[in-house]
Amino acid sequence: MRKSSAEYKKHLFSMKNNLWMNGQKISRDDPRLEPGINLMSQTYDLLSHPKIGPLLRAKSHLTGKEINRFCHIHQTSEDLMTRHDLTKEFQLHTGTCIQRCGGCDTLNAFDIVSYNVDKLKGTDYHKRFLKYLQYFQENDFVAPITITDPKGDRTLRPHQQHDPDQYLHVVERKSDGIVVRGAKFHNSMAPYGEELLVAPTRALRPEDKDWCVCFAVPADWEGVKMVCTYVQHRPRKKMPAFYTQFGSAESSTIFDNVFVPWERVFMCGETEFGHEPGRLSSLYHRYNYSACKPAAIQILLGAAALAADYNGIERTQHVQAKLADMIATGQLIYATGSMAAINAKKAPSGTMVPDETLVHAARYLAGSKIYHEYETLSDIAGGLASTLPYEEDFFNPEVGPLLHKYIARKKGVPPEHIHKLWRYINELVAGANTGRAQGGGLHGGGSPIMEQIAMRFTYDLEKDKENVKRLCGITESK
Ligand SMILES: Cc1cc2nc3c(=O)[nH]c(=O)nc-3n(C[C@H](O)[C@H](O)[C@H](O)COP(=O)(O)OP(=O)(O)OC[C@H]3O[C@@H](n4cnc5c(N)ncnc54)[C@H](O)[C@@H]3O)c2cc1C
Ligand code: SF4
């Protein structure tokens with residue numbers, strides 16, 4: 001287990017250059033990646049934080065050693081609950097999404113699926129996976145979730161595509177491994193990830209055998225090319241603020257005839273299980289959402305409530321109603337996620353799986369309300385949240401004092417506080433990350449329609465219909 005982010009950065013910056021941005025090859029110490037690396041570093045440096053540190057520590061079920069919780073396979077409901085608390089506290093502390101969740105979610109999915117495939121097929125994927133997991137845990141790696149294919153024509157299955165590479169697939173099987181070709185898009189935090197955990201994105205048919213592949217490779221492995229984008233808060237010159245040091249980056253990750261040794265292959269061709277790694281990774285990711293989204297709501301809520309105080313409108317009925325609605329949404333999402341941990345069940349591999357219907361319900365509520373939370377903050381904060389002049393104008397000797405005079409609100413609140421709060425709200429509702437945060441809140445881990453579909457599969461509606469028949473006195477089966 002790494003003791004601090006220095007060990008993470010030392011390894012990261014020693015990796016081969018396989019990143020591109022804006023037409024140029026870049027190294028991992030490029031300043032545009034720094035805000036994302038700063039955030040990832042918190043998952044090591046907060047080990048000494050009095051509240052978050054204990055949540056970050058877990059015990060490996062393989063070795064009994066202490067490991068970072070982001071490398072852990074959930075063994076109990078308490079594990080799931082601790083992870084829930086960690087997700088929430090981390091986001092409240094940094095003011096932003098953790099990003100490190102996806103790798104852990106995929107590890108948990110691989111643990112379950114490799115075990116189940118072996119049971120049915122007599123393969124030895126699980127043994128390989130556990131060996132890899134121990135290596136991953138001991139090195140305390142950072143890994144993104146690497147699942148979403150480009151997908152070409154959405155109506156066609158992988159084997160039907162005019163270009164077979166639209167879904168990542170096996171192009172050669174060798175005695176010592178496989179060669180894969182394709183791409184994975186929207187690969188969040190991959191530019192500063194160390195390992196890539198790759199799985200199919202959809203359900204597969206027997207004809208899609210070559211597209212049914214799960215594996216892990218180092219992120220700078222031969223043939224892996226990452227085309228990166230990044231999001232950074234507007235830099236502060238005069239008014240430093242804790243949250244501005246953090247940001248994110250994404251990659252469109254190309255696998256250009258990549259050799260994967262067998263010991264890093266955890267599924268290859270067992271199409272009846274093709275959907276499972278993606279489904280389970282999403283389930284774990286949606287479970288995390290039931291903690292990070294309430295934290296995101298608490299930040300929007302805190303900003304809205306403080307803006308209402310500074311505006312002098314904190315007691316008005318419509319403001320009270322709007323804030324209460326936000327409180328209810330955040331609390332319901334969090335409580336539903338907690339209940340999913342309490343009702344969790346063990347998979348045959350021993351991995352703890354949160355209750356599916358409750359996870360989907362929590363994620364559905366979070367996704368369908370996310371724009372409403374932004375609307376409430378924007379509403380209460382007023383137009384200045386969108387049109388606030390630039391930071392340096394407030395420090396200009398001629399217009400600065402005038403700006404401070406005219407942004408003043410309730411008596412007794414220093415104009416500097418109003419400036420600081422509205423600059424933060426401006427970043428939240430009209431900043432460089434706003435659209436990404438909203439889009440991620442809606443679609444990340446699966447859009448609300450996906451949760452609707454999933455709930456219809458996992459919820460026992462027949463039981464409810466039978467109960468109503470009993471109540472109405474319908475005794476026939478029809
Ligand atoms: C901010 C962000 C971060 C992300 N991070 C990651 C990540 O780290 N790793 C990762 O693997 N993925 C990640 N994703 C990907 C995310 O899971 C996908 O965006 C999501 O699954 C939707 O896929 P898509 O973008 O290809 O959209 P599409 O599939 O193109 O969907 C577009 C529209 O087409 C519709 N559609 C699609 N297929 C069909 C069909 N067959 N029939 C009818 N309608 C159809 C959809 O319902 C939708 O309305 C991220 C996405 C976002 C926005
Ligand atoms: S959106 Fe939430 S679950 Fe996903 S990486 Fe960020 S904090 Fe984790």
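I looked up the helix pair first: H84, T87, K88, Q91 and L92 in helix 4 meet N288, A291, C292, P294, A295, A296 and Q298 in helix 7. Contact here requires C-beta atoms, placed from the backbone, within 7 Å. Helices are DSSP runs (H or I, at least four residues), strands likewise (E, at least two), numbered from the N terminus. I sorted the residues of this contact into six nonpolar, five polar and one charged. Nonpolar covers Ala, Val, Leu, Ile, Met, Phe, Trp, Tyr, Cys and Pro; charged covers Asp, Glu, Lys and Arg; the others, Gly among them, are polar.

The model is predicted, with local features needing pLDDT of at least 70 and side-chain atom pairs 80 or more, while totals for chains, interfaces and linings use all residues. Residues are numbered from 1 along each chain as its sequence is written, with chains lettered from A and ligands numbered from 1 in the order in which they are written.

I then checked the domains, whose bounds come from an automatic or database assignment. The chain is divided into domain 1 (5–274) and domain 2 (278–466). Their contact takes 43 residues from domain 1 and 36 residues from domain 2. On the domain 1 side, helix 5 gives the largest share, 12 residues.

Last, I looked at ligand 1. Of the 18 residues around ligand 1, I147, T148, R154, H186 and S188 come nearest; a residue is near if its C-beta atom, placed from the backbone, lies within 6 Å. I noted that each domain gives at least three residues to this shell.

Key:
Contact = placed C-beta atoms within 7 Å.
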